[in-house]
Amino acid sequence: MSLQEKYQSLLELANNNGTTYELSESDSALVVTGVAPSSEAKQELWDEYNRIDPDYRTGDLVLNITVGDAAGGGVHTYTVEPGDSLSKIGAKYGIAWKAIFDANRDQISNPDLIHPGQELKIPI
Amino acid sequence: MKLKVLTVITLAFALLLSACGKSDADLAKAASEKLGAEKVSGVSVVVKDGVATLSGEVADQTVKAKAESVVKAVEGIKSVTNNCTLKPVPVATPAAPDPALKGKVEENLKKAGCTGATVEVVNGKITVKGTVPEAKYTACVQTINEAGATGFDNQLQKGK
């Protein structure tokens, strides 16, 4: 049975509840990337996923569903912790501190000065 | 007497007309409109003697089945031959390099309150181990799925 067949009822549900998605396949999983019209619609999909594959254990599906019109959707943000510096944060993502600085020039003027609790956009 | 015959003929004629119903072209048009209304795109319909033939390339099996059931439900269509083909599924590529993906998953987990999980990323495939609170298990799995990886080895345990 192909993965698409295994998760057919999930894809059907997505078609019916207004979720738009794209499929791709890696060597280990079917990757479903899409946008749901509401968080209820997203939850329906996850409930169905849980029904097909209890506790999402098999790892043959990546269900990357975001909710449309969500605030800040698509942009990854990092919340600054005490003791953080731009280069330390950069190291967590394997990117240069300068890249983070450039992405946040609207809220950082001095790269040596960031505050705990500040939300930084991470350009990845 | 003459009047009776005339009435019968008229009635028979009227019946014949309604039995013929819509032409093939009308049926094809109705089917296409219905497909459009159901948001099925890329499927074209040809109708001959009430038999609809579907063709075109669709995203997946689900859309193919939906197109068939939608057209079947059109009044006047006797049967459906479904010749739609499936679009080949592209190979997934990770959204970001491994270290960036790892950082993203770790931060997402932190935001979701999933402490106690450790993250490894190799070639776009995420492996997550550790124990997270049972009430947050689904939220933790969701946030990992949303990082843009192409694989997920879920070794999370549910704890208190």
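A:Y7, A:W46, A:Y49, A:Y56 and B:Y137 form one aromatic cluster. The structure is a predicted model, in which local features need pLDDT of at least 70, side-chain atom pairs count only at pLDDT 80 or more, and totals for chains, interfaces and linings use all residues. Residues are numbered from 1 along each chain as its sequence is written, chains are lettered from A in the order in which they are written, and side-chain values use heavy atoms, without hydrogens and water.

A pair of aromatic rings is described by the distance of the centres and the angle of the planes. Rings of Phe, Tyr and Trp (its six-membered ring) pair if their centres lie within 6.5 Å; planes under 30 degrees apart count as stacked, over 60 as edge-to-face and the rest as tilted. Over all chains, the whole structure holds seven aromatic pairs. One of them joins A:W46 and A:Y49: the ring centres are 5.4 Å apart and the planes stand at 50°, so the pair is tilted. Both residues belong to helix α3 (residues 39-52) of chain A. They are three residues apart, about one turn of the helix. Helices (H or I, at least four residues) and strands (E, at least two) are DSSP runs, numbered from the N terminus. A:W46 has 0% relative accessibility and therefore counts as buried. A:Y49 is also buried, at a relative accessible area of 1%. Here buried means under 20% relative accessible area, exposed over 50%, and partly exposed in between (1.4 Å probe, protein chains only).

A:Y56 and B:Y137 make a stacked aromatic pair, with 6.1 Å from centre to centre and 15° between the planes. This pair crosses between chains. A:Y56 sits in the loop between α3 and β3 (61-67) of chain A, and B:Y137 in helix α5 (residues 137-145) of chain B. A:Y56 is buried at 3% relative accessibility. B:Y137 is buried with a relative accessible area of 1%. A charge also sits on this ring: B:K158 lies over the face of B:Y137, 5.0 Å from the ring centre. The criterion is NZ of Lys or CZ of Arg within 6 Å of the ring centre and within 35 degrees of the ring normal.

The interface was then examined as a whole. It draws 33 residues from chain B and 35 residues from chain A, where contact means heavy atoms within 4.5 Å. The two chains bury about 3,000 Å² between them, 50% of it on carbon and sulfur atoms. Buried area is the accessible area (1.4 Å probe) that two parts lose on being put together, summed over both. B:T62, B:V89 and B:N145 supply 18% of the area that chain B buries against chain A, more than any other three residues.

Three salt bridges span the interface of chain B and chain A; each is a side-chain nitrogen of Lys or Arg within 4 Å of a carboxyl oxygen of Asp or Glu. The side chains of B:K110 and A:E81 meet in a salt bridge at 2.2 Å, N to O. On the side of chain B that touches chain A, α3 (61-72), α4 (98-111), α5 and β8 (151-159) of chain B each supply at least two residues. α4(B) gives the most, with eight residues.

Individual residues of chain A reach across to chain B. A:S24 is placed in strand β1 (residues 20-25) and is buried at 13% relative accessibility. Beyond its neighbours within four places in sequence, A:S24 contacts A:A29, A:L30, A:V31, B:V89, B:P90, B:V91 and B:A92. A:T77 lies in strand β4 (residues 77-79) and is buried, with a relative accessible area of 19%. Residues up to four places away aside, A:T77 touches A:E119, A:L120, A:I122, B:E107 and B:K111. A:G59, in the loop between α3 and β3 of chain A, is buried at a relative accessible area of 10%. Sequence neighbours within four places aside, A:G59 is in contact with A:S28, A:A29, A:D53 and B:F152.

Chain A has five helices and five strands. Of its 124 residues, 40% count as buried.
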